[in-house]
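Here are my notes for your first look at this structure. Keep the 3D view open and work through the points one by one.

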Amino acid sequence: MDYVVAIDQGTTSTRAMVFDRAGDVVAVDQREHRQIFPRAGWVEHDPLEIWQNTRAVLGGALGKANLNAGQVAAVGITNQRETAVVWERATGAPVHDAIVWQDTRTQAICDELAGDQGPQRFAATTGLPLATYFAGPKIRWILEHVDGARQRAEAGDLLAGTIDTWLLWNLTGGASEGGIHVTDVTNASRTLLMDLRTLDWDEAITAEVGVPLAMLPEIRSSCEVYATITPGILAGVPVAGILGDQQAATFGQACLEPGTAKNTYGTGNFMLLNTGEQIVRSQHGLLTTVCYRLGDAAPVYALEGSIAVTGSLVQWLRDNLGIIETAAQVETLAATVQDNGGAYFVPAFSGLFAPHWRPDARGALVGLTRFVNKGHIARAALEATAFQTREVLDAMNLDAAASGSGAPLAELKVDGGMVANDTLMQFQADLLGVDVVRPKVAETTALGAAYAAGLAVGYWSGPSEVAANWGEGGRWSPRMDAAERDRLYRQWCKAVTRTFDWVDADTR
């Protein structure tokens, strides 16, 4: 068995990737799925479309590599984490479109749950603030807005989960052949329903949020054989690894020691700092989450800074404004100007996530004069990604120092689609004042899922082999004068405050 296959189910597309023992990509197939926007602030996906695309890309990747099931040691899954699906146990039919992690419709539910205790009400147990980002309130919303759903859920007729759970259930037989209903600790830790210490559903919190335990999956480790695939081209191959996308990227970047960190530049940006077996409670607006758990070993935890809108801002320039035709053109357009012309773009389309957690914020383009042109706007959009990353890294360094879990980061490992943008990466290094390092294999999210699955079946011998496979593919060092760095960041922080207090109760 010469290869491992990873399913990478992301916010905008689904990919299947074939990896060899060196961690190199052998073949890839990819399909986009529809982004459904029923109203302002609402974002949905069709779960059946995602499942159909998953089957298609598995066949496509194996076909490109000229492989059959007998040559595949295991399959791993990585996924957009907080997106919630509810479906019928008997038929496999979703009762509603999946509610995507970016969706803001559950703000009233979060406000109700916070009550007088505030958004940190469950944080001591879950590591998370009450925010629209997480999956638990999304499940409750579906139960409250689909006729009869709550009664059916309490009777055990409906199942719920994040996208990993939905795919695993279908891969292992679904309604017709008894698909297994399982999630891993990393995805479970993004629901607002799991106790970080016990790694199990917290019965009191699930009752408070309004999600029946009967519909929730069993929580397992990130690296074990869950079941074998039942239908399709990979029948008989074990599914042996599950990691939420950002934890998968952390694993794929070989951030396996406490104090190591990575930042993924995708639809949003997500920075994770490995804190080892220590649960570090953030005092500066970060999340405490499970980084991974390998089989029966002790869980490894992380601090995370989650940014809602980075790469999707470039898509917005393309799809909503039409000032570019392809995402890659944003770099060319930004290069037509020397700087941002005084313009700052704060993309609070879904409120602001870390480190602010301001659901009342909305996007703003500030500092405009008649001098500003579309090149400046393109540059401001790119710079917004780097500025938001600076905010998160500053918070992470403060939390790490307070907890004793690490020194300030001397360099930042980066991955994701936007790291191909040299202009952005250089500006990021300039703004952080530390080196930014890209790996030789940029597809670290899928690679992390492949590693988890391969380790479970002995394809790789252990984490040391994962670390040995990592290699540097690019590096950017700071060039900017410290005074200019401070000036730009000061202006950014001023721009951020202009987005606050925009949403009132009657404007949601």
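**Charges over rings**

1. Begin with Arg358. Its charged end sits over the ring of Phe500, 4.1 Å from the ring's centre. Then turn to Arg105, whose charged end sits over the ring of Trp141, 4.5 Å from its centre. Remember throughout that this is a predicted model.

**Aromatic rings**

2. Next, the ring pairs. Searching the whole structure gives 18 aromatic pairs. Pairs of rings join Trp101, Tyr133, Phe134, Phe270, Phe353 and Trp357 into a cluster. To describe any such pair, give the distance of the centres and the angle of the planes.

3. In what order do the strands of the open six-stranded sheet run? The order is 3-2-1-5-14-13, and the pairing is mixed. Strand 3 (25-32) and strand 13 (223-228) are at the edges. Each has a single partner strand, so one side of each lacks a neighbour in the sheet. On average, neighbouring strands here are turned by 25° against each other, direction ignored.

4. Look inside this sheet at strand 5 (residues 72-79) and strand 14 (residues 238-244). They pair in the parallel sense, over five bridges. Ile77 stands opposite Ile242 of strand 14.

5. Two helices lie across strands of this sheet. Helix 1 (residues 47-65) lies across strand 1 (3-9), strand 2 (13-19), strand 3 and strand 5. Helix 1 runs at about 150° to strand 3. Helix 6 (residues 163-171) lies across strand 1, strand 5, strand 13 and strand 14. Its angle to strand 5 is about 145°.

6. How many of the eight residues of strand 16 (residues 269-276) are buried? Eight of eight are. In a regular strand, side chains alternate between the two faces of the sheet. Both faces of strand 16 are covered. On one side, Asn269, Met271, Leu273 and Thr275 are buried. On the other, Phe270, Leu272, Asn274 and Gly276 are buried. Phe270 also belongs to the ring cluster of point 2.

7. Strand 16 pairs with strand 15 (residues 261-265), antiparallel, through five bridges. The two form a hairpin with three residues between them. Tyr265 has Asn269 as its bridge partner. Strand 16 also pairs with strand 18 (residues 300-307), again antiparallel, through seven bridges. There, Leu273 has Leu303 as its bridge partner.

**A buried valine**

8. Find Val290 in strand 17 (residues 287-292). Is Val290 buried or exposed? Its relative accessible area is 0%, so Val290 is buried. Beyond its neighbours within four places in sequence, Val290 is in contact with Val185, Thr186, Ser189, Met194, Leu196, Leu199, Gln247, Val300 and Tyr301. Glu304 comes 14 residues away along the chain, and its C-alpha atom is 9.6 Å from that of Val290.

**Helix 14**

9. Finish with helix 14 (residues 422-432). It is mostly covered, with nine of its 11 residues buried. The buried residues include Leu424, Phe427 and Leu431.

10. Check both ends of helix 14. Just after the helix, Gly433 takes a positive phi of about 75°.

Methods:
Residues numbered from 1 in each chain as written. Predicted model: local features only at pLDDT ≥ 70, side-chain atom pairs only at ≥ 80, totals over all residues. Heavy atoms only, no water. Buried < 20%, exposed > 50% of the residue type's maximum accessible area, 1.4 Å probe, protein only. Helix = DSSP H or I, 4+ residues; strand = E, 2+ residues; numbered from the N terminus. Pairing = 2+ DSSP bridges. Axes fitted to C-alpha atoms, helices over the stretch in contact; angles between N-to-C directions. Contact = heavy atoms within 4.5 Å. Phe/Tyr/Trp six-rings, centres within 6.5 Å; stacked < 30°, edge-to-face > 60°. Lys NZ or Arg CZ within 6 Å of the ring centre and 35° of its normal.
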